[in-house]
Amino acid sequence: MRYSVSPVKVQMPALSPTMEEGSIVKWLKKEGEAVAAGDALCEIETDKAVVTMESNEDGIMAKILMEEGSRNVPLGTLIALMVDEGQDWKQVEMPPLDAAPPAADAAAAPVVPSPVPPPKPHIVNTLSSPSRLRLSPAARHILDSHGIDPKLATPTGPRGLITKEDALILLKTSPVPKATPAMAAPSSAPTPAATPLPPGSRPNIPPLSIPGKPGAPGTFTEIPASNVRRVIAQRLTQSKTTIPHAYASVDCDMAAVMHLRKDLAKEQIKVSVNDFIIKAAAVTLKEMPEVNVTWSGDGPRALDSVHISIAVATDRGLITPIIKDAADKGVQEISANAKALAQKARDGKLLPEEYQGGSFSISNLGMFGISGFSAVINPPQACILAIGTSRSELRLCEDDQTLCTQQLMTVTLSSDGRLVDDELASRFLDKFRGNLEKPQRMALA
């Protein structure tokens with residue numbers, strides 16, 4: 001059989017400026033289905049969110065090369081093939097070996113010793129070759145846990161994939177493998193628990209860690225990292241190893257903000273303390289443009305607009321959507337923007353322009369009862385402000401030398417020493433405190 005229809009290649013696109021690889025979450029088109037320009041092809045998890053990939057061409061989906069669940073697929077990797085309208089999609093010509101990058105299936109990576117493209121449709125017997133084994137994550141876990149050779153399984157999945165069902169069938173029909181010395185160590189070899197040791201002594205050999213046996217001493221469970229958490233890990237490591245962090249803290253009296261919040265609530269205007277903090281930081285940056293900078297490869301870069309990043313905790317990691325032009329917005333508008341962005345971040349629906357840019361971040365753990373902490377700078381930004389919880393303290397009033405109760409909140413500024421030195425950071429915190437303690441100085445429209 002000859003395959004002579006030239007394909008239209010669909011490759012892994014760059015859906016965010018910092019994206020280097022993506023994961024296929026779900027295919028929205030099936031093989032043989034018509035595709036129009038602008039139609040949604042699949043959902044891709046980037047380093048920031050789950051984004052829908054749209055088609056740039058009209059045609060027919062001929063071959064899906066990267067199945068759902070394929071993780072860490074590099075940019076430019078061939079993920080599907082299309083043909084033009086009117087052509088026989090079943091006769092699509094498969095690309096040569098060097099045209100298809102290696103499949104990024106997380107489960108296949110440890111098994112396949114070298115990059116292997118998808119087999120041609122008319123070649124079936126090559127799937128039994130050890131170098132072409134493909135396992136689903138569940139199948140790999142089952143076979144590895146029981147020490148069964150995956151080459152004994154009969155693949156029934158697409159393109160020779162060994163599925164979970166194939167692994168279960170093999171598990172039922174295969175004899176229990178003999179335990180290797182390493183696997184038998186916990187049950188057959190003498191252990192510190194079975195052999196009494198002299199008082200005060202410690203075992204020379206640590207407990208053996210065995211994946212796939214929950215409850216046994218020294219076991220562990222491997223949890224695959226999402227694209228978002230992997231990027232967070234890379235950026236945090238980059239930040240702490242390349243940015244000279246400096247820290248400065250100050251206590252702010254929140255009495256005026258608390259009083260103003262109560263007055264606004266009477267008029268059915270609901271805003272949070274964090275909204276006032278965002279506004280105060282933005283106004284201070286506008287008053288001190290020398291702090292509204294970022295670090296590029298060539299040095300400092302001054303920004304014309306004040307965009308504030310806010311840290312939002314999600315089940316996929318910490319996301320920092322951006323409130324743009326925060327200095328020109330009132331507290332009520334900032335509150336509405338912050339709530340909408342936080343919800344979109346939790347739903348994984350942030351658009352690229354909603355998390356790109358910004359020179360300043362705010363991380364507020366005061367709502368969790370944290371009194372004070374130091375945050376890690378989000379490169380290429382110059383600063384991040386860590387907000388603690390408010391507390392009541394007795395202090396001496398300078399006017400009449402009497403004791404009075406103050407509602408204090410500790411904020412800590414982490415600054416890039418290359419951009420914001422200690423003196424500049426101190427002046428910024430002093431002006432920020434002044435704006436926050438006298439909110440009438442800020443535009444509250």
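**Pocket lining and helix packing**

Mentor: In this predicted model, the lining of the largest pocket divides into 23 nonpolar, 8 polar and 6 charged residues.

Trainee: How much space lies in the largest pocket?

Mentor: The largest pocket holds about 920 Å³ of space. It is lined by 37 residues, and those closest to its centre are Ile310, Ala311, Val312, Leu318 and Ile319.

Trainee: Which helices and strands each supply at least two residues of that lining?

Mentor: The helices are H4 (227-242), H6 (273-287) and H7 (331-347). The strands are E15 (312-314), E16 (317-319) and E18 (360-364).

Trainee: At what angle do H6 and H7 pack?

Mentor: The angle is about 110 degrees, and their axes are 9 Å apart. H6 is therefore roughly perpendicular to H7. The crossing is right-handed.

Trainee: Which residues make that contact?

Mentor: H6 contributes Asp275, Phe276, Ile278 and Lys279, while H7 contributes Val331, Ile334, Ser335 and Ala338. By class, this contact of H6 with H7 has 5 nonpolar, 1 polar and 2 charged residues.

Trainee: Changing topic, are H1 and H2 roughly parallel or roughly perpendicular to each other?

Mentor: H1 (residues 137-146) and H2 (residues 164-173) pack at about 25 degrees, with axes 7 Å apart, so they are roughly parallel to each other. Their crossing is left-handed.

Trainee: And which residues meet there?

Mentor: Ala138, Ala139, Ile142, Leu143 and His146 of H1 meet Lys164, Ala167, Leu168, Leu170 and Leu171 of H2. The contact of H1 with H2 comprises 8 nonpolar, 1 polar and 1 charged residues.

Key. Residues are numbered from 1 along each chain as its sequence is written. This is a predicted model: local features need pLDDT of at least 70, side-chain atom pairs count only at pLDDT 80 or more; totals for chains, interfaces and linings use all residues. Side-chain values use heavy atoms; hydrogens and water are left out. Axes are lines fitted to C-alpha atoms, for helices over the stretch in contact, and angles run from 0 to 180 degrees between N-to-C directions. Helices (H or I, at least four residues) and strands (E, at least two) are DSSP runs, numbered from the N terminus. Angles under 35 degrees count as roughly parallel, over 145 as roughly antiparallel, 65 to 115 as roughly perpendicular and the rest as oblique. A crossing is left-handed if the near helix is turned anticlockwise from the far one by less than a right angle, and right-handed if clockwise. Contact means heavy atoms within 4.5 Å. Ala, Val, Leu, Ile, Met, Phe, Trp, Tyr, Cys and Pro count as nonpolar, Asp, Glu, Lys and Arg as charged, and the others, Gly among them, as polar. On a 1 Å grid over the protein atoms alone, a cavity is a set of points where a 1.4 Å probe fits but cannot get out, and a pocket is an open set with protein on both sides within 12 Å along at least five of seven lines; lining residues have an atom within 4 Å of a point. Grid points are joined across faces, edges and corners, and a volume is the space filled by probe spheres set on the points.
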